[in-house]
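Please look at the sequence and the model together while you read this report.

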Amino acid sequence: MKKLCLFAVAVSLMLFSASYANAQSISAETLSKAIQSAVPAEFGYVDNTDYLMKREFSSLQNACKSHIVVCADSTNFSEFGVFLVEEAKDVKPCVERLGAYLDKRKEQFKNGIVYNANEYPKFENAKVFTVGLCVVYTILDPVQNATVVQTVKNILK
Amino acid sequence: MEKKLNSFILSVFTILLLSLTLLPLFLCLGKISGSKQLQAIDLSRADGLADTAAECNSDSCVLSETVDAGDEYIRKIIFFGESTTYGLQRYGLLPDGEATTQVWTGATCTDGSVRCAGTLSLSPTINQTRLYYPDDGTAQTIYDALRKKQPEYLVVTLGLNNGASYYSEDEFKQCYRILLNTIVGASAQTNVILQSLFPVAEACKISAYTPERIALCNSWLKDLATEYRLKYLDTASVLSDANGYLLYDYDNGGDGIHLNEAGLQAVLQYVRTHAHPEEHET
């Protein structure tokens, strides 16, 4: 019985450490690459992190251990951002900030739409979702949104 | 026997513990390398390369009236811009008609095939946007296209999309500086002309587009022309009525934003009769 317990403890420790090591090794950049592969853009994505972090997400800088924001080039409006926060208490403020950003972008697009009316559904379906300490926003079409959610969940499970 | 089994279990447990301790270390060392596809925007170049404009004040940057420089001058120009520029190709108004290779706007890709999107938006990623390069039907960044073409003149008409809609002055200029730094870096000898945004019709339903807003964006364009010692083409002056709206005769009758053939002919006439000083010297 003692030996069985010892064995069970060993296996549990192994499983726990494997998942801990996995979570520790996952960066926003890694997730971003996986998402880009899952929902490729016409001519690829462009790193817009510096610009948007300064202008829109500066309040999230300290709470995030890694973050990245990418968008397609400016002939379409595809965009997503991945934020890995430090602690659970940082998730809610991050979600709120990203939600406010999406509302603002939706309003901007609605007010200034010239071409690309077919892009508007991306703003209507824009979403913020969380998986543990990972907060992701997407401005993509609904099918792509679902793919992104599944991709992130698969990596962080 | 029991002793041996206990020793064995203890050994296995020890090995497992050691592995778990070292595993995160190995994982950290085995970082995935960066993607070549993802290109970071180099914001360090976005502060503007021009010195303070001692030689060029905002008035001297505005192209003044000249004799008609004719089709010979027009042939030397690449018109780079958004959908309001694309009309030059659609209506076949340039020397090679609809087959012109003088209009550069955004590219799109459908089923692996690159096509002209007929639109483009000012944005902080404008320098990495793929535009349709008509010479060979490929998608190129503005940098690569200019490196290949090295045009004598580049007329830039960009900023109605995004810019006039909602950008602040700082955002508008920041995006333009990213673009202009790229242009200068790609083809220093190209004479760059910033053309004013065109006015929109009074019937235009987009609330953001007012004569005041468009005039404001055009004043920012003049500032940028001064900053970079470029030229500014005030085409809006011949397209607007007394209230700053697009003249009725130039409206294509659709969304109130795009010019009809007569309107674009007026644009080209203005370009020819407000030629770049370099053209007089040739």
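## Terms and basis

A salt bridge is counted here when a side-chain nitrogen of Lys or Arg lies within 4 Å of a carboxyl oxygen of Asp or Glu. Side chains of opposite charge can pair when their charged atoms come close.

This is a predicted model, in which local features need pLDDT of at least 70 and side-chain atom pairs count only at pLDDT 80 or more, while totals for chains, interfaces and linings use all residues. Residues are numbered from 1 along each chain as its sequence is written, chains are lettered from A and ligands numbered from 1 in the order in which they are written, and side-chain values use heavy atoms, with hydrogens and water left out.

## A pair within one helix

The side chains of B:K173 and B:E169 form a salt bridge, with 2.7 Å from N to O. Because the two residues are four apart in helix 6 of chain B, about one helical turn separates B:K173 from B:E169; helices (H or I, at least four residues) and strands (E, at least two) are DSSP runs, numbered from the N terminus.

B:K173 counts as buried, at 10% relative accessibility, whereas B:E169 is partly exposed, at 37%. In these terms, buried means under 20% relative accessible area, exposed means over 50%, and partly exposed lies in between (1.4 Å probe, protein chains only).

## Pairs over longer distances

Which residue forms a salt bridge with A:R55? The partner is B:D170, and the closest N and O atoms are 2.8 Å apart. This pair crosses between chains, from helix 3 (residues 49-55) of chain A to helix 6 (residues 169-186) of chain B. Both ends are partly exposed, A:R55 with a relative accessible area of 29% and B:D170 with 43%.

Within chain B, B:R272 forms a salt bridge with B:D68, the closest N and O atoms being 2.9 Å apart. The pair links distant parts of the chain, 204 residues apart, with B:R272 in helix 9 (residues 261-272) and B:D68 in the loop between strand 1 (39-40) and helix 2 (70-74). B:D68 is partly exposed, with a relative accessible area of 38%.

Over all chains, a search of the whole structure finds 17 salt bridges.

## A nonpolar patch

B:L5, B:F8 and B:V12 make a nonpolar surface patch of about 260 Å². B:V12 belongs to helix 1 (residues 2-29) of chain B, and at 30% relative accessibility B:V12 counts as partly exposed.

Patches are made of residues with over 30% relative accessible area and no salt bridge, where like charges are joined within 9 Å and nonpolar side chains (Val, Leu, Ile, Met, Phe, Trp, Tyr) within 5 Å. Accessible areas come from the Shrake-Rupley method with a 1.4 Å probe, and for residues only the protein chains shown count as cover.
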